[in-house]
Structures are given as structure tokens and as C-alpha cells.
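Here's a quick tour of a few local features worth a look. Have the model open alongside.

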Amino acid sequence: MRLNWSLIILLVAAVLGSAYFVLDVGQYLHLDYLRASRTVWQAYRADHPVASMAAYFLAYVAVAALSLPGATVMTLAGGAIFGLVGGTLLVSFASSLGATLAFLASRHVLRDALQRRCGDRLAAINAGIARDGALYLFSLRLIPVVPFFLINVAAGVTPIRTRTFYWVSQAGMLAGTVVRVNAGVQLGSIEHLPDMLSPGLLGTFVLLGLLPLMVRKVVAAAGLRRVHARWPKPRRFDRNLVVIGAGAAGLVTAYLAAALKAKVTLVEGGKMGGDCLNSGCVPSKALLRSARFVKQAKHAAALGMASAEISFDFAEVMARVHRVIATVAPHDSAERYAKLGVEVIQGRATITSPWTVEVNGRTLATRAIVIAAGAEPLVPPIPGLEAAGYYTTETIWSLRALPRRLVVLGGGPVGCELAQAFARFGAEVTLVQRSPRLLVREDPEASALIAAALAADGVRILVSHRAVRCDQVGGLKQLIVSRGEQETGLEFDALLCAVGRRPRTAGYGLEALGIPLTPAHAIETNAYLQTLHPNIYACGDVAGPFQFTHAAAHQAWYATVNALFGGVKHFRADYTVMPWCTFTDPEVARVGRSERDCKEQGIPYEVTRYDLGELDRAITDECARGFVKVLTVAGRDRILGVTIVGDHAGDLLAEYVLAMKHGLGLNKILATVHTYPTLAEANKYAAGAWKQAHAPQQVLRWLARFHAWRRGGVAAMRGEPGK
């Protein structure tokens, strides 16, 4: 049988704590008692040196471990009985051991519960403690006015290692221990406990505690000076901010900086609007809309129509895609941003120093730089691919004729979206995925539902297949894929590589400045989006960890504010509630943790599921498929994560994003009036399903008896026939 150590620790602490008060042990931990009994204890120590030291040591450990009042008097007693050297040694080791026991008790009893309940909010603190925990603990230990028992308990819920906690406590408490033990040696001169720590001495300890932090700042400043030594800092700056890249992150950064009345320059070497406008979100959603209409027309009978004839020219479909891009483009244009107060320069930017950027032969001096260079399609190193020819998510929009046979390499969001769209237009589409299922970041049930939807639209899906090479025989092109030892040839007229995107990190000076990259080849930044050079920031796809337009805009706020006001206040980028959506039909939307996340992190959770096939509006609109799956803290309505599969899932998710961001539970969603009949009612019904599962059964049984009594008195309560 597995022991419940948390319960055992609580019971032991309760018993010992109760004994402390029942036996009135506190009477022996007062200054008056110590003065009166000092001679007796000194005599006992002279007669029994080992026993007296052992008894004192164990008593001190117990007082420190249980966080009982009296540790100060115990320290004085160490000096009064054992002298300065002996008392210091005993107190130093006993207090550190007792503090470590209190630390471990806090860790076993509190840490897991707090991390489960507040893990997202504690993530930044955990990272800071893992990085700098020893330094901050050492600083706190040097300041006697900070209650040590609070430090012990608080440190227990952090990820700091036990051995680190012990040695830092041993070293950090030594100075205060010496002062208090020495006061015990001179016990006769102390009338009250506060007398041994004068204001001057307390001030000295506070300065001593701040010293490690100050030293750290000085060392960091010196290190920064060494890093910057190669580049002279300009005496004055022409602008407050230079932004490299006019995609989602760069546009938002420039907009915010101009709104805050900073002088900002935006540099773009390609098209304004970046990937999202020109080759990502906007064109793909325009194509998906046309493909959805084709599918709806083919299934007009489901809406009571005898038939609905439809014909289309794929070239005109793609022309519409480009018209949509042109319609949205003025929102991201150089002209609009110039009117907002942003200097826009078309050209290739090169960062020549931490404060200068060269564009078109001009050198721009700036206080801060924000890199928002985006990402580019990743092309796998497949033998024969270049010779056979291929499309990426950037070049696929040049198509004007529908390929008869299309192979899509990659079963992520983009691969699934475009595979379904081209299949609906009539192409023979084969989707090749290396992993065992599509959309591997999503809930397995969601992946299965999307795979079924794509198959229903005619997409041939090959999971657990690896692309080996491309062959050409005459005019015939083939992609050879393998599963285990078996190889299969897939004939194609067009091949789309949709296996992911790689941050754009080359060609604008990162190497010369020594700015490091992460293992994912993104620019390495800290929690404030600063690079190696604190006045150079990175945000959006080039920085990660997400490659979403809304994530780029979210990061841009932090990068802008930190770049403009970092000398006053820095803000940590917050990713605790980050939604995303795959715009297949049906859509897959998600925020927060998945079941796999909870299992891997050992987080207890409950699942509430509502089937959209039960929703009135979904039935009327012939889209009664999919589900809402909500993960909550075990026994509570606090939301851990949500997955929605269905029509307009991305829109439905917004209610849960709001709830998670502001700490609202399912009870609040259930109590909110939702318009009938709408798809958004699915959120209310999911909350209702949770409520029903957690209904207080005992209360309901008593209510049943109460209503029975009101109908027919005691006989009805007993189930007897009424008279």
C-alpha cells in the first residue's frame, strides 16, 4: 500500500504542535526563563557535554522544522550555554537542518497542489527560481528581519533543489547566527529581544542582503560592456525604434510605437503585410471559402434542393484569392502606416551594431531594435525534389490550373487545410504524413474526426509514411514513400511541401552581433523578448515559440513596451492562454492543456464532453458533427483546456479564452445568457453537462423528500400512498 506522505507529515506536525501548546513548552523559550536557568544549564553542560549538545541540537531542529516560536531564544541559549564558537556551530547546523525539514514538508504537502492549481501562473516564477533561485534565497537569508520560517515554506513550493536550499541556508544564515549567538554570550546586557539587533545593525544586514543582487547587476553591466565593446555607442539617436519586418509582429510593433509618440522606422525587404497577408492566412482562407461553397452546392439535397448545378474556372477562383489579398492590403500598406506617423523604408536591413541599422546605404541610429523577420517554408532534403519541382505555401498561389494529381507532404494544419480544399475542387489528392496521425498536436479524437472528414472529401491519407525520393521517368513524376521496408510510388502533377516553417534568421547581421539561436533555429530571447543585446528584441515567428499571427501580435505589445520603456519597467511575455485553430471543415480549435499534457505533467483532471449533434442550431444548419471537450481541475469548474471540433470552432473558442484569461469557471459560463438558437449555446450546454455531473446527490435526495412531504406529508416521504 502506498503511503500518503502528505497526510503523515500533517499528522506528525499536528501532534508535535499540539504537544508544544498542551505541555506549555513555550514557557521555556522566553528570555526571563533563559536568564534564570542559565547557571543550571551551564552546570549540566559541564557535567554532560555530549548529552547537552545532542539534546540542544535536536530541540533546535524540532523548533525550526515545526516553525514554532522561540528560535531566537534558542539561539541566545546556544551562546549562553556553549559559548560563541560552540554555540555558532550548533545553531548553524541545527537551524539549517530544521529549515530543510520545514522546506521538505512544505514541498510534500503544498507544492504539488499549488503547481496543479496555479501551474500556468507560476511558470515564470518557476523558471526564475530555477535560474536565479540560489541568489535570491541567499539575499533573503542575509536579512534577519525576513522571517526565516516563511522563507522555508515559500521555497518548498518552488523548484529549487534541496541541496541548494541547504547550503545556501547554511551560508546565508551564518552572519545572523553569529550576531545572535554572541548576544547570548553577553546575555546579561540584554533586557529585551529587539535590543540585540539595533537599527544600525539591521541596516547593515539589509545592505548585506542586497549586496549579492547589486553584485549581480554590476557583473551583468560589466559583461554587457564587454559585449558592446566592439561597437561605439552613438552620442545621440535619430529614432527611438527600428523595426525589421512588416508582417504581423512588425506592423503591430510599429503601430504601437507610433501611437505612443515614439519616432519609429519600419523596414521591409519584401511585401508589406508579410506572410499572413500575401501567402498565409488571407489567401488560404479565401481559397477555403470557395472550396466550401463547391462542397455545399454538391450536397444541396441535404437542404431540400432537388439539385444545384455548379461550374467554376479554377483560374478565376485563384484570381478571387488575389482580389481578396488586394482588398486587405491597404490595411497593411506603407501609405497607411506613414499617415500613422511611421517612417516606412523598402529595403534590406542589416544590423551593424546594437544601435545602428543599415538600409539602402543609410545608417539609422536607434535606441532599440525589434526583429520581426517572420519565417519561411521548410523544404525537406528529399533526393530528386528540386529536379521534379515543387510548391510551398508561398508559391502555391501562382497556380492557375487545377492539378489533376496533387501530393501534399505534411499532415499539419496547413497541409490538411489545402489538401481538403484542392480535393473539393476535384483534384486527386494524396496527403503524406510521417507521424501516425494527422494534426499530432491536437486531441486524438479531433485528429480522427478530421481524417474522416478529409477522406469523405476524397483525400487519400497515408500516415506513418516517410518521403524517400522523387523519380522522373519521361514526363511522369513520382514521390516514393516508405512505410517500414515497403515503398510506394505516388504519381503527381504537383507536389506541395507543407511540413512547417523555419524562422528567418540569416542575412541581416545576427551572426556578426553574436546573437544566438535556439535548438528550433529561432532567435534566442529571454522572458522580456530581449536577445543577447538587451536593447535588441525579437518577436513573432522569428522568435517563437508559436507561429500564429495572433501570437505575433501578442508578443509585439511586449516587445514594443519593453523596447520603449525598458529602463523603467519590463514586462514578461505571457503565453498562459494561447488559442489556435485549424480551418479545415470542420474546424479544430484549442486553448490550454490537452489530456496528453495533463497526463505527462501529472495533473489530475476531469473531462466534460458535449456532442454538437445534440445542438439545435447545428441540426438546422446541417452541421451536426463535432464536439466540445473541456478539461477542468478535478472536482472544480476551473478550466484547464478546451478542444472544439465543429463549424466555427475558432469563433466558439473565444468564450473559453476569455474565461481562462480572467479566471472564470464553467459555472460562470452556465450562468451567462446565450442567444437561441446559436452555435455558441454549445458552450453553455458543455458547462451544464459539467454541472450535472457534479450535482450534490445527497442534497437532491433531501429535496426529493421535501417536495414529497409538501405533496402528501410523512406518508409520501416514506413512499406510502397518500390518504
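Buried means under 20% relative accessible area, exposed over 50%, and partly exposed in between (1.4 Å probe, protein chains only). This is a predicted model, where local features need pLDDT of at least 70, side-chain atom pairs count only at pLDDT 80 or more, and totals for chains, interfaces and linings use all residues. Residues are numbered from 1 along each chain as its sequence is written, and side-chain values use heavy atoms, with hydrogens and water left out.

Most residues other than glycine have a negative phi, and most peptide bonds are trans. Here are some that go the other way:

| Site | Feature | Value |
|---|---|---|
| Lys 261 | positive phi | near 70° |
| Asn 360 | positive phi | about 50° |
| Asp 585 and Pro 586 | cis peptide bond, omega | about 5° |
| Tyr 676 and Pro 677 | cis peptide bond, omega | about -10° |

Lys 261 is exposed, at 75% relative accessible area, and Asn 360 also counts as exposed, at 54%. As for the prolines, Pro 586 sits in the loop between strand 17 (580-582) and strand 18 (587-592), while Pro 677 is in the loop between helix 22 and helix 23. Helices here are DSSP runs (H or I, at least four residues), strands are too (E, at least two), and both are numbered from the N terminus.

On helix 23, the buried residues are Glu 681, Ala 682, Asn 683, Ala 686, Ala 687 and Trp 690. Their cover includes strand 19 (605-611), strand 20 (627-633) and helix 21 (649-661), with contact meaning heavy atoms within 4.5 Å.
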